[in-house]
Amino acid sequence: HRDLHSFPTRRSSDLGKRLSDWLDEPSALGGDPNTAPAAAVRAIGTNAIPWLLSEFKRGGSTLDWRLNELLQKQRLINYRFPFDQRVLRALRGFYTLGPLAEPAIPNLLELVESEPGCIPEALAGIGAPALPALQQCLTNTKSYATSAGQLAPIPGITIGAISSAITAGRISKPEAAIFLPAIRAWAQSTNQYTADYATNFLQHWHLALSADDDSYELSRAWK
């Protein structure tokens with residue numbers, strides 16, 4: 001049984017190069033599908049999924065520091081948090097695999113409440129196959145105790161992940177249109193954290209609080 005951490009790529013010159021080494025390369029950062037790391041990860045394919053999932057667990061909980069960052073009320077849309085290196089590798093891996101990682105979706109959903117700071121990002125990186133899972137995350141109101149009181153962060157984190165995936169081209173605007181009713185509803189929520197995320201999303205993509213107020217040209221782009 002081959003250790004996935006040392007799973008070779010298809011190029012003989014790279015035999016023995018570890019999956020983690022590919023995902024640590026600077027060219028793996030941008031999600032460009034044409035780089036050597038991207039090609040190597042896709043060559044490994046679904047065989048990489050167990051290792052990528054284990055990196056989330058080995059990276060430790062992202063919850064405490066993520067919530068502390070969120071409570072600082074920075075501009076949240078498309079802001080990249082300093083994930084643990086193992087978590088970063090896993091996120092890069094899922095973004096690189098994209099729809100190939102669809103078999104991991106049930107496992108990722110099982111982890112979302114223990115690792116809310118990164119699992120929505122991984123799901124968004126998979127793209128279209130994960131749209132129903134992202135819809136589930138938008139309705140997950142599990143609450144966590146923080147220094148500022150109880151906080152239900154999963155919908156807000158998911159909104160940010162969706163926005164990042166649109167920017168990266170992983171989710172198209174027409175695909176993301178299914179999320180707009182929920183995002184607009186969250187923008188008017190008393191959950192201030194998620195309301196901020198939702199409001200920032202709408203502002204970032206030049207969308208109105210009500211669909212009726214979107215321009216014809218803008219609304220067409222999301223259909």
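Accessible areas here come from the Shrake-Rupley method with a 1.4 Å probe.

**Entry 1: overall**

I took the surface of the whole protein before anything else. The accessible surface comes to about 10,400 Å², and carbon and sulfur atoms hold 51% of that surface. The model is predicted, and I keep that in mind for what follows. I read off 13 helices and two strands. I then looked up burial: 52% of the 223 residues count as buried. For contacts with a separation of 6 or more, I find that 67% join residues 24 or more positions apart.

**Entry 2: the nonpolar core**

I looked up the largest nonpolar core, which has 54 residues. Which of its members touch the most others? They are F56, F94, L108, L123, F201 and W222.

Setting aside residues up to four places away in sequence, F56 touches V87, A90, L91, F94, L108, E115, C118, I119 and A122.

**Entry 3: helix α7**

I went to α7, residues 119-126. How many of its residues are buried? Eight of the eight are, so the helix is largely enclosed by the rest of the structure. I list them as I119, P120, E121, A122, L123, A124, G125 and I126.

I checked what the buried residues of α7 pack against, and the partners are α3 (49-58), α5 (85-97), α6 (105-111), α8 (131-138) and α9. Just after α7, I note that G127 has a positive phi of about 90°.

**Entry 4: L97 in α5**

I picked L97, a residue of helix α5. Is L97 buried or exposed? Its relative accessibility is 2%, under the 20% cut-off, so L97 counts as buried. Apart from neighbours within four places in sequence, L97 contacts V41, R42, G45, I49 and L52. I also took a C-alpha distance: L97 and T46 are 51 residues apart along the chain, and their C-alpha atoms are separated by 8.1 Å.

**Entry 5: helix α9**

I compared the span of α9, residues 154-167, with expectation. At 1.5 Å a residue its 14 residues should span 20 Å, and the end C-alpha atoms are 20 Å apart, which agrees. For cover, I count 13 of the 14 residues as buried. Just after α9 comes G169 with a positive phi of about 80°.

**Entry 6: helix α12**

I ran the span check on α12, residues 192-204. It has 13 residues and reaches 18 Å from its first C-alpha to its last, close to the 18 Å expected at 1.5 Å a residue. The buried residues of α12 are Y193, T194, A195, Y197, A198, N200, F201 and L202.

I stayed with F201. Its relative accessibility is 0%, so F201 counts as buried.

**Entry 7: aromatic rings**

I searched the whole structure for aromatic pairs and found four. One of them is Y193 with Y197, an edge-to-face pair at 5.2 Å centre to centre and 70° between the planes. Both tyrosines lie in α12, four residues apart, about one turn of the helix. An α-helix has 3.6 residues a turn, so residues three or four places apart point the same way. Y193 is buried at a relative accessible area of 8%, and Y197 is buried at 1%.

I also noted one aromatic cluster formed by F201, W205 and W222.

The charged end of K142 sits over the ring of Y144, 5.4 Å from the ring centre.

**Entry 8: after α12**

Which residue with a positive phi follows α12? It is H206, with phi near 60°. H206 is not a glycine. Most residues other than glycine have a negative phi. I placed H206 in the loop between α12 and α13 (216-221). Is H206 buried or exposed? At 64% relative accessibility H206 is over the 50% cut-off, so it counts as exposed.

How values were computed. Residues numbered from 1 in each chain as written. Predicted model: local features only at pLDDT ≥ 70, side-chain atom pairs only at ≥ 80, totals over all residues. Heavy atoms only, no water. Expected span 1.5 Å × (residues − 1). Buried < 20%, exposed > 50% of the residue type's maximum accessible area, 1.4 Å probe, protein only. Contact = heavy atoms within 4.5 Å. Core = buried A, V, L, I, M, F, W, Y, C linked by side-chain atoms within 4.5 Å. Phe/Tyr/Trp six-rings, centres within 6.5 Å; stacked < 30°, edge-to-face > 60°. Lys NZ or Arg CZ within 6 Å of the ring centre and 35° of its normal.
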